[in-house]
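Let's take a walk through this model together. Keep the viewer open and follow along as the residues come up.

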Amino acid sequence: MSNNLQDKYVEIVNLVKAYPNPFGEDIRVVDGFDLRIKQGEMIGILGHSGCGKSTVLTMVAGLNAISGGNVIVAGKEIDGAGPDRSVVFQSPCLFPWMTALGNVMLGVKRVYPHASKKERKELAEYYLNQVGLADAMHKYPREMSGGMQQRVGIARAIALKPKMLLLDEPFGRLDSLTRMELQDVIIDILNENKVTTLLVTHDVDEAIYMCDRIVTMTNGPHARVGRINEMPFERPRIRQEVLDHPEYYNIRGSLIQYLEDLEHEKEKQGQEKPPVEEETFNDQDDLPKTPKDKTEKSELVFML
Amino acid sequence: MKYKILKALDIAGLAVLDPIVRLIYREEPSEQVRKIILFIGIPAFTFLCFMVLWAYIAPRHTTKSGEVPTPAVVWDSAKSVWVFHERENIKEDDFRVSGEERQKRIAMVSAELEKLKPQLAKVDALLTKAQEQAKAETDKAVAPIMAVFEETKAKYSADSTARKKALTDLAGTIKADDKSARSEYLKKVEAHLAQTDVEKGNLQQIKAQMDAVMNRKHQGLIEARLAKNRVAEKVQFYSKRLENLGDNNQQQKVLAAKESLDKEKEKFSQASGRALYFSALKIQRAEDRLGRIETSTYAKPWTFPAQIVRSLGCVFLGFVIATVIAVPIGILCGLSPVFMAAMTPLISLFKPVSPIVWLPIVFIIVGGFIDDPEQAPVHPAFLSSAITVALCSLWPTLVNTAFGVAAIDKDHLNVARVLRLGFWSRLFKIVIPSALPLIFAGLRISLGVGWMVLIAAELLSSSEGIGKFVWDMFNNGSSQTFAQMFVVVFVVGIIGLMLDRTMIVFQRLVSFDDAPTAI
């Protein structure tokens, strides 16, 4: 059981997100997203803007209703949002009327309802310390830079002791230097205690540096898993080692090439579905498979 | 230090003084001077222009209550309002004072009265002289017009008699079948009547001239009257003080009552038989009287400052009622679209209703709960004014609160969902704090509306306060009370401004950056 659970700690099965258009037809933004995540693994989801990566993440977080399929975390199907799947949003989403400490405390209080106030405060301080904000605990969000605010957001997320950490383009609005700093903050935290993590990003380097596997998504609508790429780098990750790794530029090139191909396919095929590939690594010459018929797909959804 | 002052000014909403502080600290003097001219100089100049224009236009219109008062007259009457207030306070104090202090005051007041006596005599003499002079002037001016009038009247009267006689004579000569002569006659009578009307008109014109001369104002007389009034007022004030220090003094009365009680007690100890019963009765009565005197207060009339304080109390009561109703309902409206839909018809129906309509309704309803207005802990007029204020001022708060709660950042709600916060902690930790700036923006508008409504409500309900003051002044109708109504305009304006400023400070204190501000 345990071994089995570890390998399939998070199961995303045939996930569908459909929005009705004005004519009562469902537009499937995400259609049949399948993924299994091992415990402690870090998965990156890479794709063009608007391809539905964030939709997948918010569905896993429980913030977005699931139209079809399941998400199973640690053997339990999810039911709405919860502190077991904490989210770091693109904008820091701190409460401006609370200090950094107050923002983290809010989550700590929720997860450790029986701890004394002092214990909770110590915990919150510990996590703020971990993200390097020991000196800024009593600052209000308006007194902090965007990077510092996002650090508080990270501290708030990990303070929940989540089963799964969901990062929704967490560094998308930061300058590149701050972005690298924060990447290291998260890498350090994950080195210390392994948390199953899903990172949504459109930064290829970031995904390569941080993730164990990178899932590229096909272009929407009907977005799904395109290709899953295993990263050959060891943990703990050290940026320079990753950059010096002989495979680094191959992987990077192949990912970018794949994403560009998707874009070209889309242009060529117009509204038709983009190519779909599965479970291949470094092998971008596969021919695109013919997309499945829509009706067939929806039947599948109902069967699940 | 400098930045502390600047920050305090900023929070207090007095950023207008910012350049002055910077100038004192010699920061870019030329720029600060420019700012001072722009933010203080120009407004002050506009205000000055307004005053000059007012002083020019006002005396050019005469009403039943005299000329429209100029700024100087208004300022004088503001002072007189204040003097009245101070004098009433002194009288009240006199009423309670006892012992040596009382003796000292009696001596002082008596001395003042003595000093005033020759003054009073002097102004009386001056007034009499001025009256005589005015009468002489008037008589002199009226006499020639009167002569003309009499002469004209006599002439017209003679003319009229002559015309009448001629017509009656003519009537005798007209034959029975002479139709043309008859119609001619009719025209002649018509002409006679027309002539009479013209003459009447002329006489009236002369009379009007005479009236104008008689009503002409005599500057000397007006001044003499004013001088007399000033002294007479003082005399009255000191006489009343003397009364309150003397026979009317509470402590004196208490002493007298105690003395008579003691006497009765002594009699009681010696009385027997039937007399004992009556003596006992007398003791009881004397004790009652003592109790009444001890709790008695000086029957002080309402002064304007006291009415201002009461109005402020009324507006705050109304404001608190409005807040207690509007904020929870607003939060519910913001949280639940269903509740919002349910409330919308009520809100849109009652929002535009005028205070003038609410007040009588509220007055009757409140009256239904309170049988004896004088014995009630809260005067029903006061309560209904406050409720009217609440009814009219709760809408901005309600709407702003609902908007603030509904417009809460979606990301913040998502965080709340991830944390699985319960209803109450979501409400108090997230919803209310994030809506607070808008709630306060609403409260600020509400307080402003309430303050405006209050004056009308007090005026209608005769609840003591600024509105009642205006109404009393209006009914009084003298030129002095006319000026006092202008004083009210400025007082109400300044207090409203201060209330608004206070609310801005509160609003700033609860606001965080990039929060939505007032709408």
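B:Ser462 sits in the loop that runs between helix 15 (423–461) and helix 16 (466–476) of chain B. Keep in mind that you're looking at a predicted model. The backbone at B:Ser462 does something worth a look: its phi is near 55°, a positive value in a residue other than glycine. You'll find A:Lys161 in the loop between helix 5 (146–158) and strand 7 (164–168) of chain A.

Now zoom out to chain B as a whole. Its secondary structure amounts to 17 helices and two strands. The chain is split into domain 1 (2–60), domain 2 (99–248), domain 3 (249–295) and domain 4 (304–510). Taken over C-alpha atoms, the centres of domain 2 and domain 4 of chain B are 53 Å apart. How does the radius of gyration of chain B compare with that of a compact globule of 519 residues? Such a globule would come out near 24 Å, but chain B has 36 Å. Along the principal axes, the C-alpha atoms of chain B fill a box of roughly 120 × 90 × 65 Å.

What about burial and contacts? Of the 519 residues in chain B, 34% count as buried. Chain B exposes about 31,300 Å², and carbon and sulfur atoms supply 64% of that area. If you take the contacts in chain B with a separation of 6 or more, residues 24 or more positions apart account for 75% of them.

Searching the whole structure turns up 18 aromatic pairs over all chains. Take B:Trp54 and B:Phe490: their ring centres are 5.8 Å apart and their planes meet at 15°, so this pair is stacked. B:Trp54 belongs to helix 3 (residues 29–57) of chain B and B:Phe490 to helix 17 (residues 479–510) of chain B, so the pair ties together parts that are 436 residues apart in sequence. For contrast, B:Tyr277 and B:Phe278 make an edge-to-face pair, with 5.2 Å from centre to centre and 65° between the planes. Here B:Tyr277 is exposed at 53% relative accessibility, and B:Phe278 is partly exposed at 40%.

Ring pairs join B:Phe47, B:Phe50, B:Trp54, B:Phe482, B:Phe486 and B:Phe490 into a cluster. B:Arg87 lies over the face of B:Phe237, 4.7 Å from the ring centre, and in chain A the charged end of A:Arg142 sits over the ring of A:Tyr140, 5.2 Å from its centre.

Let's finish with a few individual residues. B:Ser279 is in helix 9 (residues 274–295) of chain B, where it is buried with a relative accessible area of 7%. Leaving aside neighbours within four places in sequence, B:Ser279 is in contact with B:Glu264, B:Lys267, B:Phe268 and B:Ala271. B:Ala386, on the other hand, is 107 residues from B:Ser279 in sequence and 51 Å away in space, C-alpha to C-alpha.

B:Arg22 is also a helix residue, placed in helix 2 (residues 18–24) of chain B. Is B:Arg22 buried or exposed? At 17% relative accessibility it counts as buried, because the cut-off is under 20%. Beyond its neighbours within four places in sequence, B:Arg22 is in contact with B:Leu6, B:Glu27 and B:Gln32.

Last stop: A:Gly107, in helix 3 (residues 100–111) of chain A. Its relative accessibility is 0%, so A:Gly107 counts as buried. Which residues does A:Gly107 contact, leaving aside its neighbours within four places in sequence? They are A:Leu160 in chain A and B:Leu419 in chain B.

Note on methods:
Residues are numbered from 1 along each chain as its sequence is written. Chains are lettered from A and ligands numbered from 1 in the order in which they are written. This is a predicted model: local features need pLDDT of at least 70, side-chain atom pairs count only at pLDDT 80 or more; totals for chains, interfaces and linings use all residues. Side-chain values use heavy atoms; hydrogens and water are left out. Domain bounds come from an automatic or database domain assignment. Rings of Phe, Tyr and Trp (its six-membered ring) pair if their centres lie within 6.5 Å; planes under 30 degrees apart count as stacked, over 60 as edge-to-face and the rest as tilted. Helices (H or I, at least four residues) and strands (E, at least two) are DSSP runs, numbered from the N terminus. Buried means under 20% relative accessible area, exposed over 50%, partly exposed in between (1.4 Å probe, protein chains only). A charge sits over a ring if NZ of Lys or CZ of Arg is within 6 Å of the ring centre and within 35 degrees of the ring normal. The radius of gyration is taken over C-alpha atoms; the globule rule is 2.2 Å times the number of residues to the power 0.38. Contact means heavy atoms within 4.5 Å. Accessible areas come from the Shrake-Rupley method with a 1.4 Å probe; for residues, only the protein chains shown count as cover.
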